Amino acid sequence: MQHDIVPTPSLSDTGLPGEPALPAGLRERLPWVFRWETVLLLIVVVIGIIGTSASPQFLTSYNLFNLGLSNGEIAIMALPMTLIIISGEIDLSVSSTLGMSSCLLGYLWARHWPMIAIFVVIAVVGLAAGAFNGLLITRLGLPSLAVTIGTLTLYAGVAQILLGPNTVANFPAAYTNLGVNAVPGTDGAVSYSTLIFVVLAVIFGVVLHATGVGRSIYAMGASSEAALFAGIRVKRVKTVLFMVSGLVCAFAGVLYTFRLSTSVANNGVGLELDVVAIVLVGGVSIFGGKGSVPGVVLGVLAFAGIQNALLLTNFNQEASGIVAGGLLLVSVFLPNATSLWRWGAARYRLRAGAPRADRAP
């Protein structure tokens, strides 16, 4: 005896109780409507409207400059983090790499090294720090979460050894001005860190979305074993990604130091949470294999916009961690909203008495 099988509800043909069904083929005809980047763009627009309503200063060139200035280093570090998480790994040592670089800059400058030589040493140290992470993960097979938590503490310890309780603040004005002045010709609205972020975002976007390396990164995140059988040199690519992260974070430490005109051992402490929050809010899956650079750019705008709007409304800055924590929770929940929607619709049909295929006699 045959029984009718009731298919599991999906977003393409039905919705939750009381919600209208989606027109057939809508997802195929308008795929951009269902992309997370579209939702983020709407969120950024809403943040702009709310921010302008809360304070007329929100969209002024002076405030936009400060918004980019205060979030520039975080945004820059989010770009290599994007590629690493898409590949199926994570790097929590980004903030301590920044801090170690900042302390190394102050340490060498206090010993009268020329600035160009200091930049070269910082680049080498950043690459070495990233390579150390990558080799432990790819060659020894250790989990990236545990490794980078360990190196987060290790690199922070190196920073303490370099400077201890000392502070270096006598950097040349020609360099510190880069940290606080606007780019000429931008009406005072664009900081140098913002400009660097835009340039790097274009480079990382091209690499991820228009090259074979980018396709390899997505493949590794979807299935490292399948990527290996497809001929992708998984260990080498991942090690290079961590080295790029170390290099970018090291120079983010230079920008951070020049912006504050101070090199101190606790520079950058705690920024790793903000970096991860931005990447995940940008639509990058914590499980790997999914995400985009444009999404992360919009995530930067949303994160910075929310924090800036709260600042203009005299929100208690000691509670600003609520923003990063809340965005992390949202970024974990929303990618699973589709599954929860389908699960809720299926439960409703069961309660309404609809038969299930696996319970048919």
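Helices (H or I, at least four residues) and strands (E, at least two) are taken here as DSSP runs and numbered from the N terminus. The structure is a predicted model, in which local features need pLDDT of at least 70 and side-chain atom pairs count only at pLDDT 80 or more, whereas totals for chains, interfaces and linings use all residues. Residues are numbered from 1 along each chain as its sequence is written, and side-chain values use heavy atoms, with hydrogens and water left out.

Leu-208 lies in helix H8, which spans residues 192-210. With a relative accessible area of 1%, Leu-208 is buried, where buried means under 20% relative accessible area, exposed over 50% and partly exposed in between (1.4 Å probe, protein chains only). When residues up to four places away in sequence are not counted, Leu-208 touches Leu-83, Ile-86, Gly-214, Arg-215, Ile-217, Tyr-218, Ser-292 and Val-293, a contact being defined by heavy atoms within 4.5 Å.

For the protein chain as a whole, the secondary structure comes to 15 helices and zero strands, and buried residues make up 43% of the 361 residues. Of the contacts between residues at least 6 apart in sequence, 75% join residues at least 24 apart. The accessible surface of the chain comes to about 18,300 Å², of which 68% belongs to carbon and sulfur atoms; such areas come from the Shrake-Rupley method with a 1.4 Å probe, and for residues only the protein chains shown count as cover.

A search of the whole structure finds three salt bridges, a salt bridge being a side-chain nitrogen of Lys or Arg within 4 Å of a carboxyl oxygen of Asp or Glu. In one of them, the side chains of Lys-238 and Glu-89 meet at 2.7 Å, N to O. This pair links distant parts of the chain, since Lys-238 belongs to helix H11 and Glu-89 to the loop between H3 and H4, 149 residues apart. Lys-238 counts as buried at 7% relative accessibility, and Glu-89 is likewise buried, with a relative accessible area of 14%. The loop that holds Glu-89 runs between helix H3 (61-86) and helix H4 (94-110). Leaving aside neighbours within four places in sequence, Glu-89 is in contact with Ile-84, Ile-137, Ser-144, Lys-238 and Phe-242.

Arg-259 forms a salt bridge with Glu-73, the closest N and O atoms being 3.1 Å apart. Here too distant parts of the chain are linked, with Arg-259 in helix H11 (residues 234-260) and Glu-73 in helix H3, 186 residues apart. Both Arg-259 and Glu-73 are buried. A further salt bridge joins the side chains of Arg-35 and Glu-37 (3.2 Å, N to O); Arg-35 counts as partly exposed at 44% relative accessibility, whereas Glu-37, at 15%, counts as buried.

Val-45 is found in helix H2 (residues 36-54) and is partly exposed, with a relative accessible area of 45%.
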